[in-house]
Amino acid sequence: MVVQKVHFYLLVMFVLTWFPCQANAFTFFSPKSTEMKIVSVNGGNIEIRFISNDKTVKPSKVLGKQGQVNIQTRVYNQRNTRVSRQYSLDPMKPYLKHLQQYVVEDGTIRVPFEFDYLTATEPGYAFFITVDVTTQTSVTLSESVIIDLHKSSSLDVFSSPDEYHALLDHLKDMLLSPEQVEMLAENLKKAGELEICKLALAARIKPNWRMSKQHCSVGEGATSRDNDMAEGCVELSDRIFSDLLARATKQCEIDDIARRQVSDDVAEDLVNRFVSRWVTNSDFYQSTADLTNVLSWYDQFSPAQTADVKSAMEFEMNRVAIQKNSHRNFMDEVVISEAYRNLVVSELVVAAVTHNFRERVRLADVCKQQAPHLGEDKCFEFASDISQGLIKPFGFADLSEMHESAAYMRHQYESSLKGKIPAEMIESSLSNVRSWAQTYVSTQYEQSNCLNRSLFPLSFMIVRNRVPNIELIEKRNSEEYKYMVEMLSNNMEGAVQQLWSSLQRYPKLRDGRLSAAGCTDSAVLSSAFEPLLSNSR
C-alpha cells in the first residue's frame, strides 16, 4: 500500500515537471481565443475568416460538425423583415446549407448573401449584414457590417448594377407612394401651406404659363404704331405675372416640408407627384391667367402690391383703349368708304358668277331629268343663258371684262389707303377680302336666305331639283323666256346694290343705332360676314 502511494506520487511529480518543459514543443487550438472577421462584402458575396494569433484558422477546426454559421441581411431599415441563412460543415444536416462548398483554399469562407427588398415596408438607405457563428464548443462569435446605399461605392457590394438599381428603385417607390403623397398633403395642411402653394405649384408644372394679353389687344389689322402703343401693356403684364409667381413661390415651403418627410434626393419627385395628384385638380391649374384672375391672385398672395399693380395696369390699358377707339374709328371709315364697298361687292360678284358658271352642268342634269324631251343641249343652253345673264347688269360683256373690272377696283382701293396705313397692311386687307368672298361662296351657296337665293340662282334650282317654267326653255327666243332670264339677273344686281348700301350702314347697325331694315342689313351682321368686318367690331 505504501509502495503504491509512492508510485502515484512519483507519477504526479513527473507529469508536473515534464509538461511545462514541453509547452514549446506542441500547440493546442483553443476556440475561446479565436475571432471571426468579415473580410469583405463584394460582388454579391460576403467573405469571413477565423483568426487566432493573427493567423487564419480553418473553418473545420472552429466549427467541427456541431458549429453553425448564420448570415442575416436586412434592407433599408432595421424594422424590415430579415433574411436568414444557416450553414454547417456537417453533411448529415440537410436542413442547413452545406458550408464546405464555400470554403476556399486559404480558409476563407466566401458565401453569396441573399436579401429580400420586395417585402420591405420601411424606407431607409442602409443594407445590414450580420454574421453569427456558433463554434463546436458553443462559443458565439458575431460581427456586422452596414452598407450605406447613398454612397456610389455600394454598387460594388451587389452581384450586378441591375440588382443595386432595383433595390434603389423599390426604395423610391416606397418614398413616393400614394401614402407619402397623402402624408405630404396632410403636412402641408397642418403647416397652412396647401392654399399658399397651389399657385406656385401650378406654375411649376406649367413652365410656359404666361398671362393672357387679351386686355392689351388693339385688334386685327392694327398698324405698327398701334402695336407699339400696346407693347407697354404686354411688357407690364409679363412683368407683374412673373413677380406674382416669384412671390407665391417664395411663400411656399413645400420643398422643405418634403425633405423633412423623405430624403433630399427624392423630395423633388415627391413634390411632383403631389402636384400631379392635387394641384392639377385645383382652380389655379385650371384657370386662365387673365387679368381678372391675376389681380385676384395678387389680393391673395401679395396684397401689399395689389394697389400699385392695378394702378400701373389701368394706365397701360387706358393707352390701349385710346388706340382701340382710334383703330376702330379708322376701320369704320374704311368699311363705309366707297372704295372698300366697291371692292367687297366686286370680289363677291366675281366669286358668285364664277360659281354659277360651274353649276351649269349640274343644272342641265336637273333639267334633263325633269323634261327628258328637251335633251342635253337645250338644257345646257338654258343654264348658260342664266349664267351669262348674271354679268350683263354690271355692264360686262363677258367674264374677261368682269375680271378686269375687279382688278381696277383693287387698284382703286389700294390708292385710297396709300400713305394712310403701311403697304403690307393694304395688301393684307386686299387678300382678306378676296379670301372672304371665295369662302362665302363655297359655304353659303346652298344656305337659303334672300341674299343667297339672288346670288346663286342655279344652285337653288339644283337644291330644289326643279327648274321653274321649264316649258319656256323650248321658246328660247320668246319674250317670256328672255324676261325669266333677265329677272334672275336683276335679282342678283339688286341684292348686290343693297349689300353695297348695307356696308355703308354697318357701323350704325353694329352699334344698334340703326335697326336692320332688309335681308342685306341682317346679312352683314351675321357670322358669315364676321371675317370681313371683324376689324371694326
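The paragraphs below go through a sheet, a cavity and a helix in this structure.

This is a predicted model, in which local features need pLDDT of at least 70, side-chain atom pairs count only at pLDDT 80 or more, and totals for chains, interfaces and linings use all residues. Residues are numbered from 1 along each chain as its sequence is written, and side-chain values use heavy atoms, with hydrogens and water left out.

Five strands form an open sheet in the order β6-β5-β4-β8-β9, with mixed pairing. Because β6 (97–98) and β9 (140–148) stand at the edges with a single partner strand each, one side of each is left without a neighbour in the sheet. Strands here are DSSP runs of E with at least two residues, and helices are runs of H or I with at least four, both numbered from the N terminus. Two strands pair if DSSP finds at least two bridges between them.

Strand β4 (residues 68–76) pairs with strand β8 (residues 126–134) in the antiparallel sense over nine bridges. In this pairing, V75 stands opposite F127 in β8. With β5, β4 also pairs in the antiparallel sense, over five bridges, and Q72 stands opposite S84 in β5. A hairpin of six joining residues leads from β4 to β5. Strand β4 is mostly covered, with eight of its nine residues buried (buried means under 20% relative accessible area, exposed over 50%, and partly exposed in between, with a 1.4 Å probe and protein chains only).

A cavity is a set of points, on a 1 Å grid over the protein atoms alone, where a 1.4 Å probe fits but cannot get out; lining residues have an atom within 4 Å of a point. Grid points are joined across faces, edges and corners, and the volume is the space filled by probe spheres set on the points. One cavity of 30 Å³ or more is counted, and the largest cavity holds about 40 Å³ of space. Its lining consists of I71, T73, V83, R85, Y87, V111, P112, F113 and E114. The elements giving two or more residues to this lining are β4, β5 (83–88) and β7 (109–112), and β5 gives the largest share, three residues.

Helix α12 (residues 338–358) has 21 residues. From its first C-alpha to its last, α12 reaches 30 Å, close to the 30 Å expected at 1.5 Å a residue, where the expected span is 1.5 Å times one less than the number of residues. Of the 21 residues of α12, 18 are buried, so the helix is largely enclosed by the rest of the structure.

Terms used:
1 Å grid on protein atoms, 1.4 Å probe; cavity = no way out; pocket = protein on both sides within 12 Å on 5 of 7 lines; lining within 4 Å.
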